[in-house]
Amino acid sequence: MSPIARTFRTGARAFLALPCGLAAAALTLTGQRDRAARLRARLADDGSGAGGWTGGRILGRTVLGLPLDAAAFALVGYALFNSVRNFGYPIWYLDTDYHQAWGGPTMAGVWTVHAAGWLLCLAVLLHWPVRWLARGQRSLDRRLTSQLGQSGLRL
């Protein structure tokens, strides 16, 4: 897998951790623990089916991972919003006076400056902070489903 594809896959998993975690918690609370365990395992992509996810561990992961999941959701959501905004600059701002905008006086120059600048910001944003948050999410998942967690932590 290429580094760019791996970065986008990591960002997507980090972004989906919050909604999938909340959905898994709701499934657990409504008595559908097997579906919740499959959802958590699919998000973790550990390839082991339910992967040791019990109802208590799913709820624990949702509560303990909330700060990481919310931060990742906000960062990747910001990146998605600004990607649409900067790459679609001609669509959003064509009827405005863009002659004084960065890269002006032509729309091609304005779009090039905004797209190139955002690509640089996006690379930095997805490469370090989101990767660190995703690493924390994976670490929490592994700790909750590890053999140590199964024998020493009864949730």
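**First stop: a tryptophan**

Select Trp-92, which is partly exposed, with a relative accessible area of 47% (buried is under 20%, exposed over 50%, and partly exposed in between, with a 1.4 Å probe and protein chains only). This is a predicted model, in which local features need pLDDT of at least 70 and side-chain atom pairs count only at pLDDT 80 or more, while totals for chains, interfaces and linings use all residues. Residues are numbered from 1 along each chain as its sequence is written, and side-chain values use heavy atoms, with hydrogens and water left out.

Trp-92 belongs to helix α5 (residues 89-93); helices are DSSP runs of H or I, at least four residues, numbered from the N terminus. Show Val-84 and Arg-85 next: Trp-92 is in contact with both, its neighbours within four places in sequence being left aside (contact means heavy atoms within 4.5 Å).

**Second stop: confidence**

Colour by pLDDT, the predictor's confidence in each residue, from 0 to 100. The protein has a mean pLDDT of 84, and 90% of its residues reach 70 or more. Now select residues 151-155, where the pLDDT is below 50; this stretch has seven contacts in the model beyond near neighbours in sequence. Where pLDDT is low, the predicted coordinates should not be read in detail.

**Third stop: side chains by class**

Which element gives the most to the lining of the largest pocket? Select α7, which supplies six residues. A pocket is an open set of points on a 1 Å grid over the protein atoms alone, where a 1.4 Å probe fits, with protein on both sides within 12 Å along at least five of seven lines; lining residues have an atom within 4 Å of a point. Among the 17 lining residues, Arg-13, Leu-43, Ala-44, Arg-138 and Asp-141 lie nearest the centre.

Technical notes. Helices (H or I, at least four residues) and strands (E, at least two) are DSSP runs, numbered from the N terminus.
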